[in-house]
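Me: I am new to this structure and would like a close look at a single part of it. Please take your time and connect that part to its surroundings.

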Amino acid sequence: MSYRIGQGIDFHQMVEGRDLWLGGVKIPHNKGCLGHSDADVLLHAICDAMLGSVGLGDIGYHFPDTDMAYKNIDSKVLLRRSYNLVRDKGYWIVNIDSTLLLQEPKIKPYIIQMQDTISRILNLSPNDVSIKATTTEGLSFIGREEGVVATANVLVMKY
Ligand code: MG
């Protein structure tokens with residue numbers, strides 16, 4: 001049995017006039033993340049962690065933001081494709097641990113739905129997809145609600 005780990009981090013600006021997608025779930029808010037895709041910062045961090053775990057580079061390499069094919073794309077599609085790349089290497093996801101750093105909105109009411117959405121795509125139990133959140137106590141661009149950050153760690157296993 002062989003194990004590998006991966007980590008991912010992503011940043012997006014928060015602006016008015018965009019939908020807020022986090023963990024594959026659309027969250028009602030007066031701002032959303034700016035990006036070429038739907039700018040789901042949490043799914044992007046998870047994609048990067050999964051790709052990194054098997055040494056396949058990053059999300060920008062596989063799904064470049066200069067490619068119009070990915071304009072406004074649902075990041076769940078990118079998550080599924082990243083998962084397929086991990087599976088092609090012979091690995092299964094064991095678990096994910098992630099953290100969202102944002103000031104507003106409170107995401108606790110949406111965490112179960114995010115876990116369900118992500119675990120279904122990755123053939124995991126929702127218990128294997130940990131999603132945590134923290135504010136930065138009002139500090140920095142996160143505290144000023146100018147941006148959102150997500151980090152993720154992934155363990156993968158090959159029999
Ligand atoms: Mg991103």
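In which helix is the place of A49?

Reply: The place of A49 is in helix α1, where helices (H or I, at least four residues) and strands (E, at least two) are DSSP runs, numbered from the N terminus. A word on the basis of this comes before the details: the model is predicted, so that local features need pLDDT of at least 70 and side-chain atom pairs count only at pLDDT 80 or more, whereas totals for chains, interfaces and linings use all residues. Residues are numbered from 1 along each chain as its sequence is written, and side-chain values use heavy atoms, with hydrogens and water left out.

A49 itself is buried, at 0% relative accessibility; buried means under 20% relative accessible area, exposed over 50%, and partly exposed in between, with a 1.4 Å probe and protein chains only. If neighbours within four places in sequence are left aside, A49 is in contact with G6, Q7, G8, A152, N153 and V154, contact meaning heavy atoms within 4.5 Å. By comparison, P109, which is 60 residues from A49 in sequence, is 25 Å from A49 in space, C-alpha to C-alpha.

The protein donors of the magnesium ion are D10 (OD), H12 (NE2) and H44 (ND1), at 2.1 to 2.2 Å from the ion; donors are N, O and S atoms within 2.8 Å of the metal (3.2 Å for Na, K and Ca), and because water is not among the atoms, sites may look incomplete. Along the sequence, these donor residues follow the spacing D-x1-H-x31-H.

Of its 159 residues, 48% count as buried, and among contacts between residues at least 6 apart in sequence, 72% join residues at least 24 apart. The C-alpha atoms fill a box of roughly 45 × 35 × 25 Å, taken along the principal axes.
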